[in-house]
Amino acid sequence: MGRTRTGRNARRVRTAVAAAVGVLALATLTAGCRIEDAGAAGSTAPPAVATARPTASASTDDGKPGGGTPSPSATPSRTPSASPSPAPRTLMSVGDRSGRVRELQARLRQIGHFDRSPTGYYGTATVASVQSFQGKRGLSRTGRTDTVTWERLLAMTRKPTAKELDPPAPAPAVAKPDARCLTGRVLCISKNSRTLSWMIDGRVVSSMDVRFGSQYTPTREGTFSVYWKSRHHVSTLYDSPMPYAMFFSGGQAVHYSSDFAARGYSGASHGCVNVRDEGKIASLFDQVRNGDKVVIYW
């Protein structure tokens, strides 16, 4: 009886020990799954925790979702602003005289902004024509021909021909000459028709348009003679050029006037007889001699 009870107790003890060993083994296996890294059996390092890195689309500075300190790559770069364009450079302006001014006038005439023959002189008429062109094209109406104005004009016009640059002047309507002009070599000048006729023995050799002094500085009338010629004369009183001057009475002379060429009859002289066709007055200057007669009449 005693042995039987002892055997039962022994079996219970063995069963309890076996159960305990099984529980311990199960606990060890389960705990081992949490600390192992794949491919590194036996490592005790805890697994790395992936941290989300802010991206350009997720980084903001205004507290919206994805806020936080933006990464350098997400910070917008500032592009330096482009430097301002240089101001247009003036190529021609009032007072200039050149072949380029003549071309400017011829090109303006092609498109209806210059209503007279080119002179090569940048006077008030040219200023007004350039202002008209600039205003119609939305440019600043300075009256000066700058690089922008010139390039726009070149794009709208063609290279002028020789005839456009220097068109033949229409023959002026010559008045019936005064009786004093019918003999000898005479500069026959009519205030009524505003013409000068170069006559030899009653024959008209050439004629040209002229203008006279204002009411405050009138051109004298009467019969005179040429007493001095000065091809490149400059007025000592007004400091103005008087090319091809042929003096006939005191300081009054027949001479070329760039102002007359540019402004026409809207201006006046200080008493001289102005000629606006430079080619004609140059030719006349070479033909006239000291002592030739000058007749000025109405």
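Residues are numbered from 1 along each chain as its sequence is written. In this predicted model local features need pLDDT of at least 70 and side-chain atom pairs count only at pLDDT 80 or more, while totals for chains, interfaces and linings use all residues; side-chain values use heavy atoms, with hydrogens and water left out.

Me: How many helices and strands does the secondary structure of the chain come to?
Reply: Helices (H or I, at least four residues) and strands (E, at least two) are DSSP runs, numbered from the N terminus. On that basis the chain comes to seven helices and eleven strands.

Me: What percentage of the residues of the chain count as buried?
Reply: Buried means under 20% relative accessible area, exposed over 50%, and partly exposed in between (1.4 Å probe, protein chains only). The accessible surface of the chain, from the Shrake-Rupley method with a 1.4 Å probe and, for residues, only the protein chains shown as cover, comes to about 18,400 Å², of which 55% belongs to carbon and sulfur atoms. Of the 298 residues, the buried part is 33%.

Me: Among contacts between residues at least 6 apart in sequence, what percentage join residues at least 24 apart?
Reply: Contact means heavy atoms within 4.5 Å. Among the contacts between residues at least 6 apart in sequence, the part that joins residues at least 24 apart is 52%.

Me: How far apart are the end C-alpha atoms of helix α2?
Reply: The expected span of a helix is 1.5 Å times one less than its number of residues. For the twelve residues of α2 (residues 99–110) this should give 16 Å, and the distance found in the model agrees: 17 Å.

Me: Which residue caps the N-terminal end of α2?
Reply: At the other end, α2 is followed by Gly 112, with a positive phi near 80 degrees. At the N-terminal end, the backbone nitrogen of Arg 100 lies 3.3 Å from a side-chain oxygen of the capping residue, Ser 98.

Me: Which elements do the buried residues of α2 pack against?
Reply: The buried residues of α2 are Val 101, Glu 103, Leu 104, Gln 105, Ala 106, Arg 107 and Leu 108. They pack against β1 (90–92), α3 (124–136), β2 (145–146), α4 (147–156) and α5 (162–165).

Me: Why are the buried residues of α7 on the same side of the helix?
Reply: In α7 (residues 278–287), Ile 281, Ala 282, Leu 284 and Phe 285 are buried. The arc is taken from the directions from the helix axis to the C-beta atoms. The four lie on the same side of α7 because the arc they cover around the axis is only 165 degrees.

Me: Which residue caps the N-terminal end of α7?
Reply: The backbone nitrogen of Gly 279 lies 3.1 Å from a side-chain oxygen of the capping residue. That residue is Asp 277.

Me: Is Asp 201 buried or exposed?
Reply: Asp 201 is found in the loop between β4 and β5, and its phi is positive, near 55 degrees, in a residue other than glycine. Its relative accessibility is 59%, so Asp 201 counts as exposed.

Me: Is Tyr 244 buried or exposed?
Reply: Tyr 244 lies in strand β8 and has a positive phi of about 60 degrees although it is not a glycine. Its relative accessibility is 15%, so Tyr 244 counts as buried.

Me: Which side chain makes a polar contact of 3.0 Å with the side chain of Asn 274?
Reply: A polar contact is a pair of N or O atoms within 3.5 Å; within protein, one must be able to donate a hydrogen and the other to accept it, and residues adjacent in sequence count only if both atoms are side-chain atoms. Asn 274 lies in strand β10 and is buried, at 3% relative accessibility. Its side chain makes a polar contact of 3.3 Å with that of His 255. The contact of 3.0 Å is with the side chain of Arg 211.
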